[in-house]
Amino acid sequence: MKPVKIGILGLGTVGCGSVNVLTRNAAEIARRAGRQIEISMAAVRNLERPRICGTEGVRLTTDPFEVANDPDIEIILELMGGTELAREVVVQAISQGKHVVTANKALIATHGNELFALAQENGVMVAFEAAVAGGIPIIKAIREGLAANQIQWLAGIINGTGNFILTEMRDKGRAFGDVLKEAQELGYAEADPTFDVEGIDAAHKLTILASIAFGIPLQFDKAMTEGITKITAEDVSYAEELGYRIKHLGVARKTDAGVELRVHPTLIPERQLIANVDGVMNAVLVMGDAVGPTLYYGAGAGDEPTASAVVADTVDVVRALTSDPENRVPHLAFQPDALEDLPILPIDQVETAYYLRMAVEDKSGVLAEITRILGEQEISIEAFVQKDVTEEWTQVPIVLLTHKTKEGRMNRAISAIEALDCVYGSVMRIRMETLD
Ligand code: HSE
């Protein structure tokens, strides 16, 4: 059989990683796919730029539409990133009857509904395993491996850069900016690193996971997102003293009232396996009603780990080239006409436990004031710790752990506590999950 010709959009970290894996493992990949895969053309921004992959035999162009329009190319690997130009090129490729493999989580989270509908009309596939958790085959696991289950919730460390930063800060006491710079040099960070540290990248990925777990349309604009920039070394150390680790977690949960979709720093009991996922590694914990908890772990960023997912998708597409489009695995795991329009819960309706840290005046009656406010909001305290201070200080840091309550109640309690004369500055609030 003739080789399948593919075109690559973007030869950056992931694009070159994919070229290297496709080249090095060509024979093994062809044995799996049933056909040779030939990289016919690649679009790059700058023809002269040095790259970490060879491009012998590959036609290079600076025009991505030239690749999307080439009649010999059957599959496009969209590895250029961004949402606007990438969307236009992918729409063009699909309209030309080409299958698309993408690592672009922002593209899928924000334009996926439109792209999947267009792909459906044109009888082609849009594969996006590499968009979530790098090399971990989490899309396939949820979409196919767990297809028997009602997925109840999932929680994931799905941004390698953020996890790398939190881990280095905790283990080596390194400064935030210094670790971020290293993550950029290693090719983990997004082009705009605020996407990593403010949780936007994780929210893109969580949006995708929630859709395939619950059979709902992609709704990135409704995800609640809080970054890691306000976490202090004290919070990390107090959490450890209390038996917890702070992780930047994406949580999606199906409740009777709707779907929770939230990314935020989270205290997790240190006995949980996922609490021990460090460095650039990612992990996703998925709770199915039949299977119980399952945990998926691996490298969440980097050239070849991400290429592993890109190439696996490419093999899937090659295998499916001759299959009936009606009988393919649906993009969002559920048949397109069986997606449910469940509401995404506003954050003030979400219930979690909380870690609260505040600086208070060191005098009698302060704690009584704080507990009175929490009591008024029906918030129950699980633990209280007053930290030691040097003699000359009149302020003391206190840490409270609460039982579960609605975020709206906690917001009201925090506003009232911050208004007390005996409380200095603002209250640091970190949500807690037991993940049981
Ligand atoms: N910036 C992303 C991360 C890359 O750090 O996880 C992989 O999506």
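Analyst: The account below begins with the domains, moves to the helix at their boundary, and then turns to other parts of the chain.

The model is predicted, so local features are given only at pLDDT of at least 70 and side-chain atom pairs only at pLDDT 80 or more, while totals for chains, interfaces and linings use all residues. Residues are numbered from 1 along each chain as its sequence is written, and side-chain values use heavy atoms, with hydrogens and water left out.

The protein is divided into domain 1 (4–135 + 303–338), domain 2 (138–299) and domain 3 (347–432); such bounds come from an automatic or database domain assignment. Between the C-alpha centres of domain 1 and domain 2 there is a distance of 26 Å. Across the boundary, 25 residues of domain 1 are in contact with 24 residues of domain 2, where contact means heavy atoms within 4.5 Å. The two domains bury about 2000 Å² between them, and 66% of this lies on carbon and sulfur atoms. Buried area is the accessible area (1.4 Å probe) that two parts lose on being put together, summed over both. Of the area that domain 1 buries against domain 2, Lys105, Ala109 and Val132 supply 27%, more than any other three residues.

Charged pairs also cross this boundary: domain 1 and domain 2 have three salt bridges between them. A salt bridge is a side-chain nitrogen of Lys or Arg within 4 Å of a carboxyl oxygen of Asp or Glu. In the whole structure, 34 salt bridges are found. Aspartate 316 and lysine 140 form a salt bridge through their side chains, at 2.9 Å from N to O.

Lysine 140 also forms a salt bridge with glutamate 144, at 3.5 Å from N to O. These two residues are four residues apart in helix H6 and are therefore separated by about one helical turn. In general, an α-helix has 3.6 residues a turn, so residues three or four places apart point the same way. Lysine 140 is partly exposed, at 32% relative accessible area, and glutamate 144 is also partly exposed, at 33%. The terms are set by relative accessible area: buried is under 20%, exposed is over 50%, and partly exposed is in between (1.4 Å probe, protein chains only).

Helix H6 spans residues 138–145, and its buried residues are Ile138, Ile139, Ala141, Ile142 and Arg143. Helices (H or I, at least four residues) and strands (E, at least two) are DSSP runs, numbered from the N terminus. Among the elements that cover the buried residues of H6 are strand S7 (151–157), helix H10 (200–214), strand S11 (281–288) and strand S12 (292–299).

The side chains of aspartate 70 and arginine 59 meet in one, at 3.0 Å from N to O. This pair links distant parts of the chain, 11 residues apart: aspartate 70 lies in the loop between helix H3 (64–69) and strand S4 (75–78), and arginine 59 lies in strand S3 (residues 59–61). Aspartate 70 is buried, with 9% relative accessibility, whereas arginine 59 is partly exposed, with 41%.

Glutamate 369 and arginine 372 form another salt bridge, with their closest N and O atoms 3.5 Å apart. Because they are three residues apart in helix H13 (residues 366–376), about one helical turn separates them. Glutamate 369 is partly exposed at 31%, and arginine 372 is partly exposed at 39%. Elsewhere, salt bridges that share partners join Arg170, Asp171, Glu240, Arg245, Lys247 and Asp278 into one network.

Two residues deserve attention for their backbone. In general, most residues other than glycine have a negative phi. Alanine 333, a residue other than glycine, has a positive phi near 75°; alanine 333 lies in the loop between helix H12 (303–320) and strand S13 (351–361). Leucine 435 likewise has a positive phi, near 60°. Leucine 435 lies in the segment after strand S16 (423–432), and leucine 435 counts as buried at 8% relative accessibility.
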